[in-house]
Amino acid sequence: MAGFLDKERIIAKPTFNRWLIPPCALATHLCIGQAYALSVFNLPLTRQLGISKSTTGDWTLAELGWIFSIAIVMLGLSAALFGTWVQREGPRKSGFVAALCWGVGFLVGALGVSTHQLWLVYLGYGFIGGIGLGIGYITPVSTLISWFPDRRGMSTGMAIMGFGGGALIASPMSDSLMKAFSSPTSTGVAQTWVVLGIVYLLFMMGGAFGYRLPAPGWKPAGWTPPPLKEGALITAHNVTPQQAIKTPQFWFMWWVLCLNVTAGIGVLGQASAMIQEMFRGKVTPSAAAGFVGLMSLFNMGGRFSWASLSDKIGRKPTYAVFFILGTILYFLVPATGKIGSVALFVACFCVIISMYGGGFSTVPAYLADVFGVKYVSAVHGRLLTAWSAAGIFGPVLVNYIRQWQVANGVPKYQAYNVTMYIMAGLLVIGFFCNLAVKPVSQRHLEAERKPLPDGEPSFAK
Amino acid sequence: MTDAAATREKDWSHNPGVIAFAWLAVGIPLLWGVLNTIIKAVALFR
């Protein structure tokens, strides 16, 4: 008998309605997307001892910044390390483990907050929670691609849109919970983390138990796979994760993702400060917060819309659009500051951030096209190390170049100009990396068992 | 019947109530989050 969490148990009947799978994937991603809203806890966490204001012994913002950094590094590492396991064990078991890690991570973190032990917060939210992030992120990918071979981009875009949307839910929910739990002796963070941990655990478990896998050979009714053209990027074969990382295609795509993310992640963290400094006197702090909110919406919307568009125009052309349009827009940003047009500045960044989100959501379908569907979660997991790297490059580029500019006498409203040109330059490099992605050589393809007339299987490519 | 087939779970996917519940369970929180963000974003245009 197959175990309760086993892959064999969740093979669906041919008549299963595949539209039950996207909400399960969204249940996972909406929860782990909370990571983008972690900053709402920053200020309360700096006054855990002083409560109304920071006092001696309270944590600093720099110390707290490591919680997010550890979580994102663990996301990349765990996605890379456990990708093959996720693929082998199926979405129910991996969704179950992701839910446990994410929920327990919050609870251990809450213990750290209430006892004022920062290492416990690093261990809980950063390390354990980070593993939940990585496993949870890749869990629905191959399941969705298997259920939606006709709409690979749209289906993964929908799930990864949930990662962007998770922060939109978590931010106001955390604010409300902290208000409800705060008292003269508590900031309410620890209690909020306990509630979030339990809610996320239950919600993600619901998603994990809803996953089903299509039976081998299943196809959507009335759909026939399009004929494969000679030299086309889309393959009907599979490349194992071990082979995939030996191909130049993998590393070109690694740089495609890394450069696209680097260009977006740096400005995402500095958006509020940037708009206020570039348009001094014109943009208030509350309007800047509105700008950050607007960017979150475009980040989320871009994940669904660009990935869906990639089903129509192809993955490679979609990334080409990201890199060409992104370069033009980054070049335009300093000009918007020069002419004092807040509207143009906002429009530029909304499109840029939509393409940042689109880069995340289009990549699983791109990988499935190039390396096949069979190991896509495992290959995707390895590719996500590019995100971890970009999480370091992006903010460092934006922050340090700005600091260096200001230290050298450049007025604050012009301090981001060089950064924008550097981002544009990175996107030009990304364009050429994307251009270099070609079909995988025959020698990297997995050998397939083909039965001989006498019934003995042979291995052929 | 194989072991795997015997342990396959019941197919709820044809129950419109189950499909609606699943989409509402993720859709309502998401819409609430989007609405909150839009309200915040309006400050930019004031």
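Let me start with a loop. A:His116 sits in the loop between helix H4 (91–115) and H5 of chain A. Its phi is near 55 degrees, a positive value in a residue other than glycine. A:His116 is partly exposed, with 15 other C-beta atoms within 10 Å. Keep in mind that this is a predicted model.

A:Ile51 belongs in the next loop I want to show, between helix H2 (42–45) and H3 of chain A. A:Ile51 is not a glycine, yet it has a positive phi of about 60 degrees.

Now follow the chain into H3(A). This helix has 29 residues. From first C-alpha to last, H3(A) reaches 39 Å, close to the 42 Å expected at 1.5 Å a residue. There is a bend to look at, though. H3(A) has a kink of about 55 degrees, centred on A:Phe82. Just after the helix comes A:Gly90, with a positive phi of about 90 degrees.

Next, the domains. Chain A is divided into domain 1 (16–210) and domain 2 (241–440). Taken over C-alpha atoms, their centres are separated by 23 Å. How many residues are in contact across the two domains? There are 30 residues of domain 1 of chain A in contact with 30 residues of domain 2 of chain A. On the domain 1 side, the elements giving two or more residues are helix H3 (61–89), helix H5 (118–138), helix H6 (141–147) and helix H7 (152–181) of chain A. H7(A) provides the largest share of that side, 12 residues. By class, the domain 1 side has 17 nonpolar, 11 polar and two charged residues.

The largest nonpolar core has 153 residues. Among those with the most contacts inside it are A:Trp102, A:Met204, A:Phe349 and A:Phe371. Helix H13 (residues 342–371) of chain A gives the most to this core, with 16 residues. Where does the core lie? Domain 1 and domain 2 of chain A both give residues to it, so this core lies between them.

Take A:Phe371 as an example. Leave aside neighbours within four places in sequence. A:Phe371 is then in contact with A:Asn238, A:Val239, A:Ala244, A:Val376, A:Val379 and A:Val440.

One more residue in chain A. A:Met278 is in helix H10 (residues 248–278). Buried or exposed? A:Met278 has 23 other C-beta atoms within 10 Å, and the cut-off for buried is 20 or more. So A:Met278 is buried. Again leaving aside neighbours within four places in sequence, A:Met278 is in contact with A:Gly337, A:Phe345, A:Tyr413 and A:Tyr416. A:Met278 and A:Pro334 are 56 residues apart in sequence, and 8.9 Å apart in space, C-alpha to C-alpha.

Last, chain B. Chain B has two helices and zero strands. Of its 46 residues, 20% count as buried. The contact between the chains takes 25 residues from chain B and 31 residues from chain A. On the side of chain B that touches chain A, helix H1 (3–7) and helix H2 (16–42) of chain B are the elements giving two or more residues. H2(B) gives the largest share of that side, 15 residues. The residues of that side of chain B divide into 14 nonpolar, six polar and five charged.

Key: Residues are numbered from 1 along each chain as its sequence is written. Chains are lettered from A and ligands numbered from 1 in the order in which they are written. This is a predicted model: local features need pLDDT of at least 70, side-chain atom pairs count only at pLDDT 80 or more; totals for chains, interfaces and linings use all residues. Two residues are in contact if their C-beta atoms, placed from the backbone, lie within 7 Å. Helices (H or I, at least four residues) and strands (E, at least two) are DSSP runs, numbered from the N terminus. Ala, Val, Leu, Ile, Met, Phe, Trp, Tyr, Cys and Pro count as nonpolar, Asp, Glu, Lys and Arg as charged, and the others, Gly among them, as polar. Domain bounds come from an automatic or database domain assignment. The expected span of a helix is 1.5 Å times one less than its number of residues. The bend at a residue is the angle between axes fitted to the seven residues ending there and the seven starting there. A nonpolar core is a set of buried Ala, Val, Leu, Ile, Met, Phe, Trp, Tyr and Cys residues joined through C-beta atoms within 7 Å. A residue is buried if 20 or more other C-beta atoms lie within 10 Å of its own, exposed if 12 or fewer, and partly exposed in between; C-beta atoms are placed from the backbone.
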